[in-house]
Each structure stands twice: as structure tokens, then as C-alpha cells.
Amino acid sequence: MNLTILGCYAATPRTITNPTSQVLEIRNRLFLIDCGEGTQVQLRKNKIKFSKINQVFISHLHGDHFFGLIGLISTFALLNRTTDLHIYGPKGIKEIINLQLRLSNSWTKYGLYFHELESKQSEVVFEDDKVIVKTIPLNHRVYTNGFLFQEKIKERKLNLEAVQNYKIDTCYYQNIKNGKDITLDDGREIANEKLTFDPAPPLSYAFCSDTAYNESIIPLIQEVDVLYHESTFLDSEEGLAGKTMHSTAKEAARIALKANVKQLILGHYSTRYENIGLFKEQAETIFPNVLLADDGKSFEF
């Protein structure tokens, strides 16, 4: 599982920082999460192939999380994209994007599908044979969702030495990897655990950006491998965090601790701070495993 941070700062873009956008690669699937202004430039800088992005997840309709979307959609069209693009986001996103496409007479030739979200309960929004994605309802000034990406359990690993010792034909290998027992020609039944090894545990990633401190999300993100949680403010601006419905670094750490996550990544920093290292220092007083997001930074898990 690889995470590339395209932008992780709050509010307006600057020459040295970018608003929220990131790319998650899991089981060879590439998911774009939020699309702040300048996202397509950051994709190019980080050498991420546009053609690999088929799903875009938008947390909410504040500009620093989706103003880059119309530009990206238009660029896809200019590059003669033919693959369908699916966009998951709050109700209203279809109207916003279609208005811009209509008034500029810039309709795409590829399929553009909107999956508008309204539920305040967690729901499955995407699923294939390898990955499932669920919403994480957040508490912000407008309707907002985080997203939980979960890898499905992989097929079992073949114990080649064992299957060869039993002289099992290769035509049965896929059934064995699928977890089935095998009956030999002499009638003996061989249990699957004698022929395979357990697969690696499935990985999970939770994206929680733009939310007031919200313990109701804890059951949804319990024991995830990696939690990205907004930390717009330091402790000295706790009152401002409450007024704007954002979180502090310590509040993000409390959520990570209560949810027993393995790794916390902080991001969505207010640009009032010159030293983002202070976010890590404050969070680590509560939760030990803290990493700092930064534009252009990649993580491998």
C-alpha cells in the first residue's frame, strides 16, 4: 500500500504549499482522494499516470478539496481519455461540474459518472474483487465524509514443496489457493492448511479530513493500519478549531489512540504555522506513532 501526498495544507494554495489531494495505491488500484486546486500539476510532478486514475473520492464541497476537479476532468478530455471516470462525492457535485462543462461546451467523450452521497451513516460506495471503500461520516460545517479503504483477504499462498510431495496436478493449484481441500487418487483427503500458507493480513487506510473532534468515527476506523487525520491547528488555537469545526494535532492523536490504529499521519495544516514539526511534537504526547504529511511525500506500508 502506497500513499502519495499531493497537497496537505488548509485553505488557499501558495507557491510553497498545496491544498488537499492524495493518491492511494492499494492492490494495483489507484484512488485519487480529494482534488484541491493544482492537483493535476502535482500529479505530473510526482509522475503519477493520469490514465491509472479511474475513481475520485471528494470529501466535501469546500474549494480547497475539489476546485482542481474540473481542470483534471478537462485535461483528461484533452488527452483523449476513453476510460470511464467515477466520481464519489456529496450531492451537488454533479450539478457543479456539469454546469462548468455545459457553459464552456467542454463535454467529455469518455464516460463521466457521479455517485452522489447523502447518507449520514457509513455506507459502501465502491467494491471490486480486491478493495472495498466505505464512507466515514465526519462533523464539519458542510456535509463531509472521510473514506475507509480496505483490502480484501488475498488468496492463500501455495506450499509448492507440499503439493509436489503429494504429486498433485497443477490443474488443482488455483482451487487450493482458493482454500479448498484436495482428495488424492487413492482417496486420501488432504486439508488445505497442509498445502498452503496464510496470506498476508489485509491492509486498511482511513482518510479523515475536515472534521471537529468526533469520537463517533472510532468504531469505523478501529485498528486500521494507517489513519490520515486532519490537524489544522496546534493546541494554542484549540478555541479556533472548535469555532471552525476542525481538529488540533492532539485531538487527532486522541482519536488514533482510542481507535487503536497502528499509524497516524497528520495533515491539513493551517498555513499560519511555519514549523509543521510542532504538530508531531504535540501529537506524540498522546499517541506514539505519528508521521507528518507534506506535499510530494510518499509513504509505503
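Reply:
**The sheet, then the annotated site**

Lys 134 stands opposite Leu 148 in E9. This is a predicted model, so local features need pLDDT of at least 70 and side-chain atom pairs pLDDT 80 or more, while totals for chains, interfaces and linings use all residues. Residues are numbered from 1 along each chain as its sequence is written, and side-chain values use heavy atoms, without hydrogens or water.

Strand E8 (residues 131-137) and strand E9 (residues 145-151) run antiparallel, joined by seven bridges. Strands here are DSSP runs of E, at least two residues; helices are runs of H or I, at least four; both are numbered from the N terminus. Pairing takes at least two DSSP bridges between two strands.

E8 and E9 belong to an open sheet of seven strands, ordered E7-E8-E9-E14-E15-E16-E17, with mixed pairing. Strand E7 (124-127) and strand E17 (290-292) are at the edges. Each has a single partner strand, so one side of each lacks a neighbour in the sheet. From one strand to the next, the twist averages 20°; angles run from 0 to 180 degrees between N-to-C directions of axes fitted to C-alpha atoms.

Now the record. UniProt, in an unreviewed entry, places "active site" at Asp 64. Such annotations may be inferred rather than shown by experiment. Asp 64 lies in helix H2 (residues 63-66). Asp 64 is buried, at 14% relative accessible area; buried means under 20% with a 1.4 Å probe, protein chains only. Beyond neighbours within four places in sequence, its contacts include Ala 10, Pro 19 and His 268. Contact means heavy atoms within 4.5 Å.

How values were computed. Buried means under 20% relative accessible area, exposed over 50%, partly exposed in between (1.4 Å probe, protein chains only).
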